Amino acid sequence: TIDFALTESFSSNAQKARIALETWTALNLWCQNCGNPTLLTMPPNHPVSDLKCSACSMEYQVKSKNGRFGGTILGAVFQPMMDRVKAKTLPDYILIEYDAKRRQVIFVNLIRGEDISEDRVIARAALSQNAVRAGWVGCSINIDGSHIDQLWSRALYRALSDGRRSIVKPLRSTSLPAQLR
């Protein structure tokens, strides 16, 4: 269940979802690089990433959608994003599809940062001169045809809760955290 209680001070639904789902991710997922169960929240407005593994420092960017994702996701600020793509230091992307009415996460998928190339990052139009952040240039990321690993689904969660083994292989040969075995 997604806990929106932490978000009552925010007026924007997008901000509420961001805070609630980053918190859900930190509490429910583990590092896909080393298997460590502790993901730390990055400071607000940290460029390009939201979470970081406390053991190996692997970074993650959380993207969420009430419903299903299409062929693109919104990225961060264009230039820092391109700099990280070129340096091959882009974080892995955790894509969360949820149902806001039921307050439930439906699917969690992962796109490895190394699988996002320069041609998949598309600059968006700069914000108008009347905008609070006039001239700001964001980006979109084309995820059509990307290799996507499923990390979590309602069915997988129920299987783990029932003590059955998951049919989804852990990524990069990492095992499930002890509390999920």
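Which residue's side chain does a polar contact of 2.9 Å join to that of Ser49? In this predicted model, the partner is Glu59, a polar contact being a pair of N or O atoms within 3.5 Å, of which, within protein, one must be able to donate a hydrogen and the other to accept it, and residues adjacent in sequence count only if both atoms are side-chain atoms. Local features were required to have pLDDT of at least 70 and side-chain atom pairs pLDDT 80 or more, whereas totals for chains, interfaces and linings use all residues of the predicted model. Residues are numbered from 1 along each chain as its sequence is written, and side-chain values rest on heavy atoms, with hydrogens and water left out.

Ser49 is located in the loop between β1 and β2; strands (E, at least two residues) and helices (H or I, at least four) are DSSP runs numbered from the N terminus. With a relative accessibility of 1%, Ser49 is buried, where buried denotes under 20% relative accessible area, exposed over 50%, and partly exposed the range in between (1.4 Å probe, protein chains only). Apart from neighbours within four places in sequence, Ser49 has contacts (heavy atoms within 4.5 Å) with Met42, Glu59, Tyr60, Gln61 and Pro91.

The loop between β1 (39-41) and β2 (51-53) also contains Val48. Most residues other than glycine have a negative phi. Val48, although not a glycine, has a positive phi of about 75°, and this residue is buried at 4% relative accessible area. Lys88, likewise not a glycine, has a positive phi of about 60°. Lys88 belongs to the loop between α2 (78-86) and β5 (92-99) and is exposed, at 75% relative accessibility.

Strand β5 pairs with β6 (residues 104-111) in the antiparallel sense over 7 bridges, pairing being assigned if DSSP finds at least two bridges between two strands. Asp99 has Gln104 of β6 as its bridge partner. The two strands, β5 and β6, form a hairpin with 4 residues between them, and Arg103 in the turn has a positive phi of about 55°.

The structure contains 0 disulfides, a disulfide being a pair of cysteine sulfur atoms within 2.5 Å. Cys31 is buried at 0% relative accessibility, whereas Cys34 is partly exposed at 36% relative accessible area.
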